[in-house]
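Here are a few friendly notes to read alongside the model. Please keep the sequence and the 3D view open as you go.

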Amino acid sequence: MPVHAPTIATPTLPRFSRIGSMLAGVVENAAVGMVVSEMSGRMVYANRAFSALLGYQIEDDGRQNILDIMHPDDTGIARLQLQRLMRNEAEDFRGDHRFRRADGETVWVTVAASLLRDDAAGSPLYLITQLTSIELQKKAEAALAHSESRLNFALESAGQGVWDHDIVNETMFYSRMWRMMRGIAPDEIVDGNEEKWLARIHPDDVDYVRSNVHRQDEGDATFDFLEYRELTADGRYIWILSRGKPVEWDEAGKPTRTLGTDTDITRIKTVELELAAEKERLRVTLNSIADGMISTNDSGHVVFINPAAELLTGWKSSDAVGEEVRTIFRVRDGATGEIQPCPVALCLGGDMPVHLDDDMILVGKGGLERDIRCTAAPLKTPLGRLSGAVLVFQDVTQSRAMQRELAHSATHDDLTGLPNRPAFERALNAAIASARGGRKHCLLYVDLDRFKPVNDNAGHAAGDALLKQVAQTIRGSCRSHDLAARIGGDEFGVLLNDCSSEGGQRLADKIVRAIGSLDFSWAGRTYHIGASVGITSIDDQPSSPLGFMGEADAACYAAKARGRGIAVHFRDL
């Protein structure tokens with residue numbers, strides 16, 4: 001059962017001698033944390049929400065001051081404002097600050113403080129402080145800031161400048177990298193007028209750009225990018241690769257805003273001019289490139305394979321050249337195991353790039369398998385004729401393993417390996433939804449008996465080892481399609497899918513017997529624990545996860561009250 005939080009202080013019911021019992025009940029059960037302090041700051045009352053939020057409970061003999069539980073870094077302006085209230089120099093105060101919980105953790109809250117005055121004299125009697133958790137909001141703000149910073153860093157690292165065209169208002173936004181590649185100062189005003197932009201484009205490219213730029217604004221699916229030369233601030237021309245598409249439309253479906261990126265491809269264009277035909281098949285490739293690369297002709301036969309591709313596929317260049325690429329490059333779906341169509345064949349057949357990113361596995365010549373992602377892109381002659389394709393792929397085995405590990409840790413308890421509380425609640429939501437369609441399930445709330453002495457006498461390492469053993473015992477007592485989860489310190493939840501009340505009782509009794517039979521030895525001493533189980537049925541009656549959990553918890557409480565080591569159904573209370 002839940003462990004009481006540490007206490008901090010203060011007087012008892014006389015603190016509400018003037019407040020009616022109904023109002024006192026409202027305050028006590030309010031969802032917002034509320035603490036009443038004397039004008040010195042000494043806390044004399046805290047409602048349930050305050051204790052739940054910060055872990056403190058008020059006792060008669062405490063001397064804890066509200067200023068003492070504020071985070072040290074937030075005791076500047078917040079302390080000053082609260083002290084002004086205590087000195088009767090202000091009527092109220094509101095702000096976002098950090099407070100220290102009883103367990104030492106920090107939580108962000110919105111603080112709303114005001115004075116409670118004497119009705120007759122108007123003199124201040126108490127400081128009323130309300131605390132509302134904004135921890136999720138702060139985490140979301142931090143995650144958003146990190147995501148935006150990461151996106152900006154990625155774009156600048158890739159040398160991509162961003163532009164944003166407001167078609168309705170005929171305005172343009174240009175990012176810092178967009179300006180840098182053109183030699184424009186970050187704070188310099190850039191006129192977004194289309195004619196002025198066209199004036200900076202190389203004369204040989206103006207007609208091409210003028211004829212095709214509207215296709216970009218209109219989101220033409222057959223038009224992928226613009227390539228042109230543009231004059232920089234220092235008087236030289238650079239090649240620009242511009243990709244963009246509409247992101248906003250009016251009620252009639254007409255684009256009103258286009259977003260895109262510009263990349264300086266001058267070096268690529270220079271290489272194209274120097275290498276001419278070799279450019280189309282990428283015959284010149286640095287051996288140090290870590291990505292695998294295979295180039296084919298228009299019939300899909302290999303004409304080039306780089307060292308990284310040799311390593312990943314297991315095929316030597318001398319053996320691979322001339323073979324069909326589907327023989328060299330075989331991929332299967334990581335989820336279904338089915339062999340997938342060759343991306344190069346899809347690319348050549350559709351005359352368009354093909355991307356394989358999701359859970360694809362490359363099957364090497366010797367049977368070695370690697371997680372990969374790949375892109376196949378068509379190669380064309382200067383006249384636009386399809387001449388082949390280039391396949392680029394990366395070994396992402398390690399990163400995907402880390403992703404799977406992170407995904408598992410996000411839904412499972414680190415200690416026992418069972419699903420954690422959020423995962424259990426999601427499964428419970430699904431069970432409730434299915435019950436409205438006529439299915440019946442059972443929910444078990446398992447709370448260990450005599451577990452605390454193990455922790456106190458043998459230490460937390462022993463407690464952890466025992467919890468692992470209990471988790472295995474519960475999982476082993478359930479059916480294969482049941483879900484057992486750790487939902488608290490020594491509390492476990494079991495969701496019995498498609499199970500009657502009688503079946504739930506039998507499984508609960510089985511779990512009680514199995515845990516009661518455990519002989520846990522540690523440092524030469526044997527410990528015996530037990531378990532009390534609360535059972536509730538999940539049927540077609542509308543309810544919520546909180547409601548069903550409350551029923552199971554109440555039944556578990558009754559099991560403990562009846563002597564522990566038994567399973568009690570909520571219907572029998």
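1. Glutamine 394 sits in strand β16; strands here are DSSP E runs of at least two residues, helices are H or I runs of at least four, and both are numbered from the N terminus. Its side chain makes a polar contact of 3.4 Å with that of aspartate 291 (a pair of N or O atoms within 3.5 Å, one able to donate a hydrogen and the other to accept it; residues adjacent in sequence count only if both atoms are side-chain atoms). Leaving out residues up to four places away in sequence, glutamine 394 touches Asp291, Asp371, Ile372 and Arg373 (heavy atoms within 4.5 Å).

2. A word on the source: this is a predicted model, where local features need pLDDT of at least 70 and side-chain atom pairs 80 or more, while totals for chains, interfaces and linings use all residues. Residues are numbered from 1 along each chain as its sequence is written, and side-chain values use heavy atoms, without hydrogens and water.

3. Which residues of helix α13 are buried? They are Pro343, Val344, Cys347 and Leu348 (under 20% relative accessible area, 1.4 Å probe, protein chains only). Because they cover an arc of only 130 degrees around the axis, they lie on the same side of α13 (the arc is taken from the directions from the helix axis to the C-beta atoms). Their cover includes β11, α12, β14, β15 and β16.

Note on methods: Buried < 20%, exposed > 50% of the residue type's maximum accessible area, 1.4 Å probe, protein only.
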